Amino acid sequence: DRKLCNLHYVRGDCLNLPVKDSYCDAILSYGVFHHTNDPLKCMQEAFRALKLNGSMYVYLYKNHEHNPLKYFGVMLERIIMSITSKISIKTGKLICLLMSPLVLVLFSWPAQLLKRFKRLEKFGYSFPLHWGSTPVSIMPDLQDRLLSPVNHRFSKKNFLRLFLDAGFSDVQIITNNTGHFGYAIKKKSFS
């Protein structure tokens with residue numbers, strides 16, 4: 001069993017990281033920055049905290065502007081969030097539970113059926129929550145999207161802009177059905 005002496009997990013506010021400048025070799029953020037009021041500030045904080053030539057790995061929600069079915073889901077999500085942001089978490093969880101059978105019938109189960117046919121498989125993967133099979137299987141995803149007070153979504157161009165505006169170089173972005181995965185390097189000092 002190999003031990004890593006210099007691996008540390010730090011829990012803190014990504015808008016104000018609890019580390020000194022140029023402290024980290026790498027930073028990983030999976031599904032965090034898009035739930036803050038200022039994703040650019042998060043990227044700038046990561047840039048500040050990274051050592052020169054340090055690596056940044058980020059996953060953010062995409063806005064699905066090229067997928068009409070998921071884009072409709074994003075618009076519906078915004079409408080629902082305008083309601084759930086004004087109610088208690090307990091009531092919000094109940095709403096998600098009540099919505100889950102409808103989401104399964106409208107999205108998950110049709111997607112499951114389409115994915116069984118080679119010619120329709122890609123279309124099946126384009127459905128929101130295409131992997132869902134039971135209400136319980138989609139509850140965490142529904143709650144993450146509908147009960148978060150903030151939920152930004154990005155085009156690939158806007159995601160790239162976040163990296164560049166924060167000062168990163170050598171940006172690489174891979175986009176799939178769920179979102180954007182970005183990698184970049186800090187090539188210059190924090191200014």
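The lining of the largest pocket divides by class into 15 nonpolar, four polar and four charged residues. This pocket belongs to a predicted model, and its volume is about 810 Å³. In total 23 residues line the largest pocket, and those that lie nearest its centre are His8, Val10, Ala26, Ile27 and Leu28. The element that gives the most to this lining is strand β1, residues 24-30, which supplies six residues.

The second largest pocket has a volume of about 490 Å³. Its lining is made up of 24 residues, and Gly73, Glu77, Pro128, Leu129 and Arg145 lie nearest the centre. By class, that lining holds 14 nonpolar, five polar and five charged residues. Three helices, α2 (68-84), α3 (89-114) and α5 (135-146), each supply at least two residues of the lining of the second largest pocket. Among them, α2 gives the most, with six residues.

| Pocket | Volume | Lining residues | Element giving the most |
|---|---|---|---|
| Largest pocket | about 810 Å³ | 23 residues | β1, six residues |
| Second largest pocket | about 490 Å³ | 24 residues | α2, six residues |

Turning to the fold, the protein chain contains six helices and four strands. Along the sequence these elements follow the pattern β-α-β-α-α-α-α-α-β-β. Taken along the principal axes, the C-alpha atoms of the protein chain fill a box of roughly 50 × 45 × 40 Å.

Two helix pairs can be described in detail. How do the axes of α3 and α5 cross? The axes of these helices come within 9 Å and cross at roughly 115 degrees. Angles of 65 to 115 degrees count as roughly perpendicular, so α3 is roughly perpendicular to α5. The crossing of α3 and α5 is right-handed. On the α3 side, the contact is made by Lys93, Cys96, Leu97, Met99, Ser100, Val103, Leu104 and Ser108, and on the α5 side by Pro135, Ile138, Met139, Leu142, Gln143 and Leu146. The residues of this contact comprise ten nonpolar, three polar and one charged. Both α3 and α5 also supply residues to the lining of the second largest pocket, at least two each.

The other pair is helix α1, residues 39-49, and helix α6, residues 156-166, which pack at an angle of about 45 degrees with their axes 9 Å apart. An angle of this kind therefore makes α1 oblique to α6. Here too the crossing is right-handed, as α1 passes α6. From α1, the contact involves Pro39, Leu40, Met43, Gln44 and Phe47, while α6 contributes Leu162, Phe163, Asp165 and Ala166. By class, the contact of α1 with α6 has seven nonpolar residues, one polar and one charged.

Key:
Residues numbered from 1 in each chain as written. Predicted model: local features only at pLDDT ≥ 70, side-chain atom pairs only at ≥ 80, totals over all residues. Heavy atoms only, no water. 1 Å grid on protein atoms, 1.4 Å probe; cavity = no way out; pocket = protein on both sides within 12 Å on 5 of 7 lines; lining within 4 Å. Points joined across faces, edges and corners; volume = space filled by probe spheres on them. Nonpolar A, V, L, I, M, F, W, Y, C, P; charged D, E, K, R; others polar. Axes fitted to C-alpha atoms, helices over the stretch in contact; angles between N-to-C directions. Parallel < 35°, antiparallel > 145°, perpendicular 65-115°, else oblique. Left-handed = near helix turned anticlockwise from the far one by under 90°. Contact = heavy atoms within 4.5 Å.
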